[in-house]
Amino acid sequence: MKFDIKEEDLIIKPYKSTGSIQVREQKGAYQKIRRLLSWLLIITFILIPFIQYSGQQAVLLDIENQQFRFFSVTFWPQDFILLASVFMAGAFALFFVTSWLGRVWCGYVCPQTVWTLAYIWVEHRIEGTRNQRIALDKQKHSFAKLQKKFVKHFIWLLMSVVSASTFISYFIPASSLYSDIMQLNCTGLVTFWLCFFTLCTYGNAGWLREKVCIDMCPYARFQSAMFDKNTLLVAYDKERGENRAPRKLKDDPKQLGLGDCVDCNLCVEVCPTGIDIRNGMQYECINCGLCVDACDETMSRFNYQKGLISYTSEQQLFGQKAKGLNVKVLTYGVITAVIFIATSFWINSRVPLETSILRDRNALYRVNYLGVVENTYTLKVLNKTQQALHYKISVQGLEYSNVTLPKNLLIAPGTMREIPITISIDGQTLHESITDFSFNIQAIEQPNISLQKATMFYRGSNSEYAG
Ligand code: SF4
Ligand code: SF4
């Protein structure tokens, strides 16, 4: 993929603010898709914390209790390798989509884009169209101007508070969080995070907007590594568009020696990153398609064929036939599918039970005057389900003479219990100084939840039993 990089672009210059970009509101097919997706994402984001499963919040990253609840599955710190695998699958899915469809993630579903466009929508409703907003910003301070600015920032802040509290409700149960907020009874820590995320949302979506995409987002920097000649991108058809110039509706462009671009500048005015796509592909472009909608509208007005700016590929731009998915895209797709399937299988086959064994630190074994050997263990059992379960514990692979094992051990959901166990064996009956055996732990209500934990029984040297 070729970017239009000029020599001066390679010189690192100190950061210079480009000022705020006033985006023109645009209607069209791609805008419709994005609006629909934005609503869907915002509503899903707000509603998920309210979904209940077995009397508990279905999706909760409970930091205090160190667990991540996702419907019937609970992940514990020991399971974070699984989450790493989910993130890896997500990363490959992003590579797959980007190498195939370009930066559609940025243009359609990235939270920064979704929130920014929602804030711009509010701005448009309060301060008016792009031209009215530019005029308002240039006006001297007046009561009417202050009133509009105040209402806009107040609504933005309200949206930020809702967004921040929704985000926090993924970490603190929504029922208690919202009741604490209503009663102004939040702890200092919750108040801090609420203010922090409110300010982040307000700052990012209200003020920084496209600057986050252009100057802060690392994804914009490495996306080109995934592009190839078949990647879908938004591009201007220079051959068809040039020479550009304004004209009247009835003018014949051929007679005037003009191309189809009427230089209406709409493609620039609607662009949320403020670029002119007619200058070629630029890394600031987030593939949102707003300029496609704007240009199609102009083309219709002039009765020209639509698609002067369109979703296309470099291959198509040079008049070649579009190819299907190439090897690179297919490889990303296959890797994504394999990781997803393997992770789902892994999660499905995972036993919601964790055990560990600690031996007595003071003595590996004890021998009494009758020659009976004792080994002491602390068995830790963690119930990783969301219900209280009874467990039975048994010993396998060891002929013991005396041991007291719990037959009906009740463990609350998400709780670990420590069980001290002492096994006694007549030392004469053991032929080896170390005997391997295992503890079997099984849930009584759900026998498929069971684990075997291997350990060792120490007898000591033969001399201790001589005579
Ligand atoms: S150039 Fe077009 S597709 Fe790219 S960011 Fe601007 S409006 Fe969106
Ligand atoms: S919207 Fe289309 S016609 Fe208007 S300036 Fe942009 S490319 Fe030219």
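**Reading a ligand shell, a helix and a sheet**

Tutor: By class, the shell around ligand 1 in this predicted model holds 11 nonpolar residues, three polar ones and no charged residues.

Student: How many residues surround ligand 1, and which are the closest?

Tutor: Ligand 1 is surrounded by 14 residues, and the closest are Val234, Cys271, Cys285, Cys288 and Cys291.

Student: Which residues of helix 6 are buried, and against what do the buried residues pack?

Tutor: Trp156, Met159, Ser160, Ser163, Ala164, Ser165, Thr166 and Ile168 are buried in helix 6, and the buried residues of this helix pack against helix 1 (29–47), helix 4 (111–127), helix 7 (174–182) and helix 8 (188–208).

Student: What is the order of the strands in the open sheet of four strands?

Tutor: In general, strands of a sheet pair through backbone hydrogen bonds, in either a parallel or an antiparallel sense. Here the open sheet of four strands runs in the order 13-11-15-16, and its pairing is antiparallel. Strand 13 (409–411) and strand 16 (450–458) stand at the edges with a single partner strand each, so one side of each has no neighbour in the sheet. From one strand to the next, the twist averages 30 degrees.

Student: Over how many bridges do strand 11 and strand 15 pair?

Tutor: Strand 11 (residues 389–396) and strand 15 (residues 434–443) pair over six bridges in the antiparallel sense, and Gln396 stands opposite Ser438 in strand 15.

Notes: Residues are numbered from 1 along each chain as its sequence is written. Chains are lettered from A and ligands numbered from 1 in the order in which they are written. This is a predicted model: local features need pLDDT of at least 70, side-chain atom pairs count only at pLDDT 80 or more; totals for chains, interfaces and linings use all residues. A residue is near a molecule or strand if its C-beta atom, placed from the backbone, lies within 6 Å of it. Ala, Val, Leu, Ile, Met, Phe, Trp, Tyr, Cys and Pro count as nonpolar, Asp, Glu, Lys and Arg as charged, and the others, Gly among them, as polar. A residue is buried if 20 or more other C-beta atoms lie within 10 Å of its own, exposed if 12 or fewer, and partly exposed in between; C-beta atoms are placed from the backbone. Helices (H or I, at least four residues) and strands (E, at least two) are DSSP runs, numbered from the N terminus. Two residues are in contact if their C-beta atoms, placed from the backbone, lie within 7 Å. Two strands pair if DSSP finds at least two bridges between them. Axes are lines fitted to C-alpha atoms, for helices over the stretch in contact, and angles run from 0 to 180 degrees between N-to-C directions.
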